[in-house]
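Dear colleague,

Please read them with the model open beside you.

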Amino acid sequence: MPDQHVTRALYQAVERGELPPEAINHRFAHHAMALCPTCREEYRTYVEGRGTATASGHLTTVILLEAYRFLGDHLRELEERARGEFLELLGLPAERRKERVTRATKRFRNPLLVEVLLEASQARIFSQPQEALRFARLAFHVALRSDVTLLGHDPAHELMLRALAAEANALRVLGDLPRADSAIAAALQKLDSVTDLESRAEIASLAASLRRDQRRFAEALLLIDRSITLYAALSQHHQLARCLILKANILSEAGRLAEAIRIDQQALDRLDPAAEPRLYLCVQHNLTWHLEMCRAYADARQRHDANRHLYAAFKDRWTQLRRRWLEGKIAHGLGEWEEAERALVEVRDGFIRRNHAYDAALASLDLALLYADLGRTAEMQQLARQMMPIFRAQEVHREALAALLVFWEAASREAVTRGMVESLTSYLRKARRDPSFRYEPTE
């Protein structure tokens, strides 16, 4: 692991009261262990000489893990054991994994197994959210049973809080916001007791994502700013950029588009497009989307054209559909009606073929907005007739279907207005993350 310096940002954060004074001790300890073989050897000798399972001082779980990473054989043994136990769990049916862990008397007590399980949960968070949830819960049970004699330090407390935050994140993605709220509340209640600053930043950022989905924007911004402060103090530029992306997203959903654009630009300034091309494209795409939402269509077109080479590097259909969607919305804003219609029809059909119900619904409403501007009521009615059976088949939740039914009924009466379509689009973007959110027509 690369050395991490004690930065002026860390001193300033401690001086402002944003971080505890122990944060400086933590980073000094890591710095010494990373650079100096004598420090590493003296620490090892000190722990062995104490004849006890606990080392004194302010070394946190992660700092201690990093120190042992340089000590060699012991940690390599733990890492190999963690990988082996993880593969063993992976080979079991999901319903038998917890039983295997809880019934073992000596195995599955390794703190590094918790790390592996949390990584597995994060890797599956969008593609297999139910599996991500299972791994997060399994990580909690392993942390609960973690053997403190393995590393000369008790890592269980912070690992359990991280596992709770990962469980909340998986529940959030699954749309179960009430249970996600319970899990994250338990982690946040003890957040100040987390001595490892990176773990504290991770938990706060996951909580910010949940608060965004709950539309509790003020809390979300406080939490993400906390993560940004921590990652800046630790010079964790990659994680800092990811937090800035989330902050811009929160601001956008709160309707603060000008601020979102400013934060998008800050994220871009911290990313190397050669080192992180997909993440860099993501921020460029978000920035262009926010410009379009501000009706700055000429600026959005200019930026989108300048970034075509970035999209060309990623041929997957997910990326290309979103590129085409943005092109259609910009063309609509600039009055390029035929191009806008071609793009939006292509995007709607692409999402329908892939069973992406919400994206298909939103692209359909963008198309409806185009038809409303052109006064093409016949096409509007046909679009509405096509939407309902498709979204029923794709199991769009009840409240969203009720909102789409309002649109269908209005289209059948030739009573659809631009304001109605904009209101429904805004609702679907909010309801996507909260199935309990009800539609209240503004017209």
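The crossing of helices α12 and α13 is left-handed, meaning that the near helix is turned anticlockwise from the far one by less than a right angle. This is a predicted model, in which local features need pLDDT of at least 70 and side-chain atom pairs count only at pLDDT 80 or more, while totals for chains, interfaces and linings use all residues. Residues are numbered from 1 along each chain as its sequence is written, and side-chain values use heavy atoms, with hydrogens and water left out.

Helix α12 (residues 217-233) packs against helix α13 (residues 237-253) at an angle of about 165°, their axes lying 9 Å apart (axes are lines fitted to C-alpha atoms over the stretch in contact, and angles run from 0 to 180 degrees between N-to-C directions). That angle makes α12 roughly antiparallel to α13, a label given to angles over 145 degrees. The contact (heavy atoms within 4.5 Å) involves, among others, Phe217, Leu221 and Tyr231 of α12 and Leu240, Cys243 and Ile250 of α13. By class, this contact has 13 nonpolar, two polar and three charged residues (Ala, Val, Leu, Ile, Met, Phe, Trp, Tyr, Cys and Pro count as nonpolar, Asp, Glu, Lys and Arg as charged, and the others, Gly among them, as polar).

As for the whole chain, there are 23 helices and zero strands, taken as DSSP runs numbered from the N terminus (H or I, at least four residues, for helices; E, at least two, for strands). Of the 443 residues, 52% are buried, that is, under 20% relative accessible area with a 1.4 Å probe, protein chains only.

Best regards

Methods: Buried < 20%, exposed > 50% of the residue type's maximum accessible area, 1.4 Å probe, protein only. Parallel < 35°, antiparallel > 145°, perpendicular 65-115°, else oblique.
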